[in-house]
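Me: I'm new to reading protein models. Could you take me through one part of this one slowly?

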Amino acid sequence: MDAHHRSGCPINLTLEILGDRWSLIIIRDIMFGNRRHFRELLQHSEEGIASNILADRLKRLVERGLLTREDDPTHKQKAVYSLTEMAIELVPLFAHMGAWGRKHLPVSEELSIRAELLEDGGLALWEDFMEELRAKHLGKVLPPGTPSVLGRLTEAYLEVVARKKSA
């Protein structure tokens, strides 16, 4: 076995990349929150990630091939982070984790509505979402008029937030 890994077990190897407390949260925020810049990820973190931790995890996720980092053409000192195919293929994992969390943990309605829609939509919705992410992050062209899964998930979230504010 490679000296850099505890074992060749696929679960172990996955956890060596994604098993810390922040990596999946950062990928989640890029994937579901469309946060592509460091400052967006820092300022809009529900969980309150520290800037040094965010910088470290972004660097590691780029090194491990889950994200790419490109200079932002609109601003010299900004970078844009994009999901790679490896990260996009985590959509089913996020869907399963969200379903498990909804079943077993005291989730909030507004933060679990997207998980509920992903669970209800099943594999077909996950595939559509992955195709949309490939278009957004990898430059794949979608057929004209393709409905936005992210738009649907975001709209559902905003509806719950608005309903809770007016209640």
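Reply: Here's a walk through helix 2 and the core it belongs to.

First, some ground rules: this is a predicted model, so local features need pLDDT of at least 70, side-chain atom pairs count only at pLDDT 80 or more, and totals for chains, interfaces and linings use all residues. Residues are numbered from 1 along each chain as its sequence is written, and side-chain values use heavy atoms, leaving out hydrogens and water.

Helix 2 covers residues 23-33; helices here are DSSP runs of H or I with at least four residues, strands are E runs of at least two, and both are numbered from the N terminus. Eight of its eleven residues are buried, so the rest of the structure largely encloses helix 2. Buried means under 20% relative accessible area, exposed is over 50%, and partly exposed is in between, with a 1.4 Å probe and protein chains only. The buried ones are S23, L24, I26, I27, D29, I30, M31 and F32. Just past the helix, N34 has a positive phi of about 55 degrees.

Now the largest nonpolar core, which has 38 residues. Such a core is a set of buried Ala, Val, Leu, Ile, Met, Phe, Trp, Tyr and Cys residues joined through side-chain atoms within 4.5 Å. I26, I27, M31, L83 and F129 touch the most other members. Helix 2 is one of the elements that each supply at least two core residues, while helix 7 gives the largest share, eight.
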